[in-house]
Amino acid sequence: MRPALLPPILASLCLSCSAQAVQPLPQLTAYHVDPAWLTPVAPVQISDHVWQVGTARISSLLIKTDAGAILIDGGMPQAGQLVLANLARLGVKPSDVRLILHSHAHADHAGPLAALQRATGATLVSNAESAILLEHGGSGDIHFGDDMLYPPVTPARIVQDGEVVTLGSTALAVHFTPGHTPGSMSWTWTDTWQGKPVRIAYVDSLSAPGYTLADNPRIPHLVEMFRGSFATVRALPCDLLVTPHADASGWDYADTANPHPKPMTCTAYADAAEKKFDAQLAAEKTRL
């Protein structure tokens with residue numbers, strides 16, 4: 001059963017970085033998450049042309065190009081208006097957004113993509129595996145079933161592993177990193193920071209929360225998928241790592257003085273994820 005529709009964000013929500021207390025966005029009725037995933041924050045600059053425009057712990061990235069804007073991920077379903085408000089704070093109109101990309105098709109990252117696509121008219125880019133989940137609004141997830149639903153949306157462009165998506169002079173390469181979902185995608189591109197080139201890697205989640213890893217009848221090669229993705233992430237061009245769950249790569253968007261207190265390399269991110277994966281797999285085998 002789909003969760004009931006929630007009221008829009010109140011116009012009085014504080015989006016500033018002042019000391020005034022900021023209230024989280026409302027929870028969904030079907031499932032609750034960490035309040036930090038729903039807590040509004042002002043935009044955080046990542047590099048010269050990239051900003052985080054999501055919540056305190058869930059990334060939604062805005063990339064300004066010479067031909068319009070690109071948005072990567074949107075966060076939870078109830079965060080759509082927050083994202084649009086943060087775009088406006090940066091002088092970006094909905095019609096300026098030309099492309100919407102994403103990491104994986106779970107509700108905490110793809111939740112408002114339908115609303116954002118309607119508001120902007122942008123081209124939604126996905127891959128074949130994720131497109132199925134997006135079109136079903138998260139229903140029929142291999143691991144979570146119908147527990148995490150969101151408004152369905154149909155991508156307009158399907159990409160292949162290694163394909164490059166361009167807007168103006170900005171080019172983003174997609175790297176398939178399946179495991180967390182079969183269609184998980186990571187993105188790399190080059191920007192500048194204070195005038196110097198910086199290779200940015202937006203790397204998808206590498207966790208397996210509650211998954212059956214070995215001999216899973218729904219996805220028999222899950223272990224091999226994860227192994228391949230760990231290797232892919234280690235090989236990415238990666239001067240600056242950002243992840244859908246901000247704290248996974250040492251970001252804290254609520255800390256305006258120091259939003260990236262614990263920078264992490266792509267190799268360190270993959271190593272830490274594989275260590276947790278190995279422990280989870282070993283524990284699973286012990287229970288058999």
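## A walk through the predicted model

The side chains of Glu274 and Arg227 come together in a salt bridge, with 2.9 Å from N to O, in a structure that is a predicted model. This pair links distant parts of the chain, since Glu274 belongs to helix H6 and Arg227 to helix H5, which spans residues 222–234, and the two residues stand 47 places apart. Glu274 has a relative accessible area of 17% and is therefore buried, whereas Arg227, at 32% relative accessibility, counts as partly exposed. A second salt bridge is formed by the side chains of Arg234 and Asp271, where the N to O distance is 2.8 Å. Because Arg234 lies in helix H5 and Asp271 in helix H6, this pair ties together parts of the chain that are 37 residues apart in sequence. Arg234 is partly exposed at 31% relative accessibility, and Asp271 is partly exposed as well, with a relative accessible area of 37%. Through salt bridges that share partners, Arg227, Arg234, Asp271, Glu274 and Asp278 are joined into one network.

Cys238 and Cys266 form a disulfide, with their sulfur atoms 2.2 Å apart, and the count of disulfides in the structure comes to one. The link of Cys238 and Cys266 is right-handed, with 85 degrees about the S-S bond.

The structure holds eight salt bridges, and another of them is formed by Asp247 with Arg57, whose closest N and O atoms are 3.7 Å apart. Asp247 is found in the loop between strand S12 (240–242) and helix H6 (266–287), and Arg57 in the loop between strand S2 (50–52) and S3, so this pair ties together parts that are 190 residues apart in sequence. Asp247 counts as partly exposed at 43% relative accessibility, and Arg57 counts as partly exposed at 25%.

In soluble globular proteins, nonpolar side chains tend to be buried together. The largest nonpolar core of this model has 32 residues, and those with the most contacts inside it are Val53, Leu62, Leu87, Val97, Ile100, Leu113 and Leu134. The elements that give two or more residues to this core are strand S4 (68–72), helix H1 (80–89), strand S5 (97–101), helix H2 (107–110), helix H3 (113–120) and helix H4 (128–135). Of these elements H1 gives the most, with four residues. Apart from this core lies another one, of 28 residues, among them Ile72, Val125, Leu172 and Ala246.

Helix H1 can be followed residue by residue. Within H1, Gly80, Leu82, Val83, Leu84, Asn86 and Leu87 are buried, and the buried residues of this helix pack against strand S3 (61–65), S4, S5 and H3. Just after H1, Gly91 takes a positive phi of about 80 degrees. Leu134, which is one of the residues with the most contacts inside the largest core, touches His102, Ala105, Ala110, Leu113, Leu124, Ser126, Tyr150, Pro152, Val153 and Pro155, when residues up to four places away in sequence are not counted.

Leaving aside residues up to four places away in sequence, His175 touches Asp161, Ser184, Met185, Ser186, Trp187, Thr188, Thr232 and Leu236.

The protein chain averages a pLDDT of 93, and 93% of the residues score at least 70. Over residues 1–15, however, the pLDDT is below 50, and beyond near neighbours in sequence this stretch has 28 contacts in the model.

Terms used. Residues numbered from 1 in each chain as written. Heavy atoms only, no water. Core = buried A, V, L, I, M, F, W, Y, C linked by side-chain atoms within 4.5 Å. Buried < 20%, exposed > 50% of the residue type's maximum accessible area, 1.4 Å probe, protein only. Contact = heavy atoms within 4.5 Å. pLDDT = per-residue confidence, 0-100. Salt bridge = Lys/Arg side-chain N within 4 Å of Asp/Glu carboxyl O. Disulfide = S-S within 2.5 Å.
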